[in-house]
Structure formats: structure tokens, C-alpha cells
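Hi everyone, thanks for coming.

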Amino acid sequence: SDVYKRQDLQEDIEELQKELPEYKNKWLELRMRQDLVNVKTRECSEKIEPLISEIEEMDQEIPKVKEEIVTLIELLEFYDKKVELTRYLRNFNVDNIKLVLDANNQIMSAVSDLSQKWEKLQGFRPYK
């Protein structure tokens, strides 16, 4: 029984010794792959770090950009109103302005006449 066990063990050892170079090669291959993965990881990390910094800087600029956008919107609204007013004034008829001025002059003249007549009436006192 011990002889059989020894023989089985010897066979197992011989088989393992035959497979050992293959396992060594696989281990070396895995080791090389791991090294390659490490190199690629480091390269990616080196490329990503500046991008992360750039993104963080851009992220800090967002409130400033939002404020600039609000200011631009306000300016656009102001210019829009200015353009609307300019169009209105361009379309305003000069003859209408003359009519309003003439009417104003007539009113002022009538007020002046009434004022003079009132003064004359104030000076006229039939019962003294």
C-alpha cells in the first residue's frame, strides 16, 4: 500500500514537473499582462489628470458665465426696447407733431385772450 502511494505520488510529481514550464510560461504571460495594464493605467491617469483639472476650472467658471448670460439677456431686452422705440419714433408722423403744436398754440392764445378779458371784467365794477 505504501509502495502504491509512493508510486502515485511519484507519478503526480513527474506530471507536475512536466506541466511546470507551461505554468511558468502562463505565470510570466500574466505577469507581463499585469505590467502592461499598470503601464496603460499610469498613462491614462497622466492624460486624465490635466483634463480633470481643466474640468474643475471650467466648473468654477460656471457661475461667472451664468452672470454674464443674465447681463447679456438684460442688454438684449434693453436693445429690443430701444429698437421698438426707435421704430415708433420713425413712424411718428411729423405732420402730427405740427398739428399738436398748432393746437397747443391755439389753446395758449385762447387762454391768453380769456385771461385778458377776465382782467377787464375785474376792473369793471358797475356798483361803486
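I'll begin with the overall build, then move on to charges, and finish with a nonpolar patch.

First, a word of caution: what you see is a predicted model. So what is the chain made of? It has two helices and zero strands. Helix 1 covers residues 2–91, and helix 2 covers 94–123.

Q17 sits in helix 1. Is Q17 buried or exposed? Its relative accessible area is 53%, and the cut-off for exposed is over 50%, so Q17 counts as exposed.

And what share of the chain counts as buried? That would be 0% of the 128 residues. The accessible surface of the chain comes to about 13,100 Å², and carbon and sulfur atoms account for 58% of that.

Let's turn to the charges. Some of the negative ones gather in a patch on the surface: E54, E56, E57, D59, E61, E67 and E68. Take E56 as an example. You'll find E56 in helix 1, and at 48% relative accessibility it counts as partly exposed.

Here is a general idea to keep in mind. Side chains of opposite charge can pair when their charged atoms come close. How many salt bridges does this model have? The count comes to two.

One of them joins the side chains of E22 and K26, at 3.7 Å from N to O. Why can these two reach each other? They are four residues apart in helix 1, so about one helical turn separates them. E22 is partly exposed at 45% relative accessibility, and K26 is partly exposed too, at 47%.

The other salt bridge links the side chains of E29 and R33, with 3.2 Å from N to O. Again, the two residues are four apart in helix 1, so they are separated by about one helical turn. E29 has a relative accessible area of 42%, so it counts as partly exposed.

Which residues form it? On the surface, L85, Y88, L89, F92, I97 and L101 come together, with about 600 Å² of accessible area between them. Helix 1 and helix 2 are the elements that give two or more residues to this patch. Helix 1 gives the most, with three residues.

And where does F92 belong? F92 is found in the loop between helix 1 and helix 2. With 34% relative accessibility, F92 counts as partly exposed.

To recap: this predicted model has two helices, two salt bridges, a patch of negative charge and a nonpolar patch on the surface.

Technical notes
Residues numbered from 1 in each chain as written. Predicted model: local features only at pLDDT ≥ 70, side-chain atom pairs only at ≥ 80, totals over all residues. Heavy atoms only, no water. Buried < 20%, exposed > 50% of the residue type's maximum accessible area, 1.4 Å probe, protein only. Areas by Shrake-Rupley, 256 points an atom, 1.4 Å probe, with all protein chains shown as cover. Patch = residues over 30% accessible without salt bridge, like charges linked within 9 Å, V, L, I, M, F, W, Y side chains within 5 Å. Salt bridge = Lys/Arg side-chain N within 4 Å of Asp/Glu carboxyl O. Lys, Arg positive; Asp, Glu negative; His and termini not counted. Charge placed at Lys NZ, Arg CZ, Asp CG, Glu CD.
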